Amino acid sequence: MTEAFSSNSELVLQRVVDVPRERTVISTHENIEQVYQILDTCQFINRHKFLKVALQFPDELLAVSVAIAAEIEKGTEAKLFILGDTSYGSCCVDEVAAQHVGADCIVHYGRACLSPSTRLPLMYVFERSMLDLQKCASSFRELYPDTMDNIIVLYDVNYAYVVDDLLELLSDYPNVVASALITNEQCGSHGKINDSNSLSKNDGQFVSQFGRQFVLRGGLTIKDYSFFFIGQECATLRNFMMTWNFCTFCSFNPVTLTGRTESVSVNRALMKRYYAIERAKDASVVGILVGTLGVAEYLTIILQLKDVIHTAGKKSYMFAMGKLNAAKLANFLEVDIYVLIACPENSLLDSSDFYKPVVTPFEMEVACNKNRIWSEDYITDFRHLLPGGQSHVPLASEQQDSDETDVSLITGALRSKHLFDCEPLNESSMVLRNEMLTVANPHSAAQFLAGRSWQGLEQRLGETPVLKAVEGKKGIAIAYEEERKNV
């Protein structure tokens with residue numbers, strides 16, 4: 001238990017950081033120019049006359065970041081800043097860090113969740129990972145022997161540049177649909193990037209999900225298709241499988257050159273998520289974790305969640321703490337459950353290592369909004385939950401007058417809804433009276449604080465004697481110098 005809060009200093013020095021890599025470091029000028037599109041990047045900067053440019057790199061590309069920046073400096077007069085340690089996930093555009101240096105635009109390298117951003121002009125540079133097209137096409141034919149099958153090709157962003165070539169090899173499959181990566185007016189991107197207007201709908205259904213878009217044939221729905229994913233097992237594939245859990249998925253791993261039918265039990269994963277929803281129903285105090293400051297409309301979903309949680313008779317507190325870990329969240333024992341607001345690829349957090357469950361905004365709405373029911377549709381993109389989104393469900397208008405009760409599937413206890421409907425949303429949960437803590441709401445974190453044996457530092461003005469400064473301890477907390485002498 002204590003290892004979650006402290007660690008041996010010697011182990012820290014000996015620890016080897018495991019950084020996922022798909023290839024060796026590229027160091028030659030020719031490869032850097034080709035793989036990281038130096039010329040296109042310089043044209044993007046010069047065309048818009050940007051003076052300060054932030055280059056955002058994931059951990060696995062930091063080794064080549066200086067070489068890339070040096071090549072860009074040769075073709076532009078802009079001042080470059082390398083962003084290495086992102087505030088949240090490296091797949092998201094770190095607009096906050098870029099604004100700290102006064103950048104005019106951001107060039108994002110590596111894998112990306114393609115979540116929309118609105119503050120700064122953006123350019124994606126997807127690393128062109130190697131793909132054996134013949135092996136990929138051969139695996140595709142083995143997995144789909146019937147050439148008349150309806151198949152949608154999805155892929156990791158690093159393989160976007162070869163999709164057209166793959167479709168040419170699969171020209172005998174007339175019903176294969178390739179997805180296109182979504183861009184917007186502020187993006188300049190490379191690879192297979194299309195605007196929604198460039199796709200011919202052909203009277204079919206237009207589908208947009210997780211930065212990809214495609215058009216279904218007329219008269220068909222998404223349930224009539226199978227999916228073929230190019231890339232290693234990752235959060236992108238997991239999100240597609242969770243969202244369209246009623247479809248069959250196959251994948252091709254470009255590193256191992258093997259194709260397979262994805263046999264991961266999606267139903268089992270959904271059962272685990274439903275258990276978290278039951279925990280959310282039992283919770284009285286909810287912590288809203290801000291896991292992004294760059295994804296568009298994150299403030300709107302925060303306000304919506306506050307309203308939904310309050311209407312369900314629960315207290316909510318908001319936390320902004322950057323990258324999450326068990327030690328950070330363990331500081332707030334009064335919180336019963338957390339809801340994470342992040343991009344789709346970082347929303348499905350495995351909370352098995354945490355002391356309290358972490359759910360998604362969709363799961364919290366299922367727990368708190370009786371109009372939102374648990375069905376085969378699973379949503380990881382919080383923007384779909386907002387008014388105008390494809391999965392928006394209005395808050396039940398009759399909840400204030402409802403005295404509904406149900407039984408917890410976890411504890412078996414009777415659970416009542418809307419415990420303090422009459423309390424205003426912005427009312428303080430505690431007041432000070434005669435220097436004693438008085439709890440105004442029996443279900444808030446103030447009650448938990450009042451029951452603590454230690455409630456934090458107290459000022460005690462005028463009661464503490466003034467002492468002269470003395471020499472303090474030297475060394476590190478695990479072994480001060482004075483302690484070594486006494487051993």
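Me: How many bridges join strand S3 to S4, and do they run parallel or antiparallel?
Reply: In this predicted model, strand S3 (residues 105–109) is joined to S4 by four bridges, and the two run parallel.

Me: Which residue in S4 is the bridge partner of Tyr109?
Reply: Val125 is the partner of Tyr109.

Me: What order do the strands of that sheet come in?
Reply: The order is S2-S1-S3-S4, an open sheet of four strands with parallel pairing.

Me: Why is one side of S2 and of S4 left without a neighbour in the sheet?
Reply: Strand S2 (79–83) and S4 stand at the edges and each has a single partner strand, so one side of each has no neighbour there.

Me: Which strands does helix H3 lie across?
Reply: Helix H3 (residues 38–48) lies across S1 (52–56), S3 and S4, and runs at about 175° to S4. Helix H4 (residues 65–75) lies across S1, S2 and S3, at about 165° to S2.

Me: New topic. Which residues touch the most other members in the largest nonpolar core?
Reply: Leu131, Phe140, Phe228 and Ile230 do, in a core of 37 residues. Helix H6 (133–143) is one of the elements that supply at least two residues of this core. The largest share, four residues, comes from H6.

Me: What does Ile230 touch, not counting residues up to four places away in sequence?
Reply: Its contacts include Leu131, Cys136, Val153, Tyr159 and Phe252.

Me: What is the mean pLDDT of the protein?
Reply: The mean is 79, and 79% of the residues reach 70 or more. Over residues 419–425 the pLDDT is below 50, and over residues 427–442 the pLDDT is also below 50. Where pLDDT is low, predicted coordinates should not be read in detail.

Methods. Residues numbered from 1 in each chain as written. Predicted model: local features only at pLDDT ≥ 70, side-chain atom pairs only at ≥ 80, totals over all residues. Heavy atoms only, no water. Core = buried A, V, L, I, M, F, W, Y, C linked by side-chain atoms within 4.5 Å. Buried < 20%, exposed > 50% of the residue type's maximum accessible area, 1.4 Å probe, protein only. Contact = heavy atoms within 4.5 Å. pLDDT = per-residue confidence, 0-100. Pairing = 2+ DSSP bridges. Axes fitted to C-alpha atoms, helices over the stretch in contact; angles between N-to-C directions.
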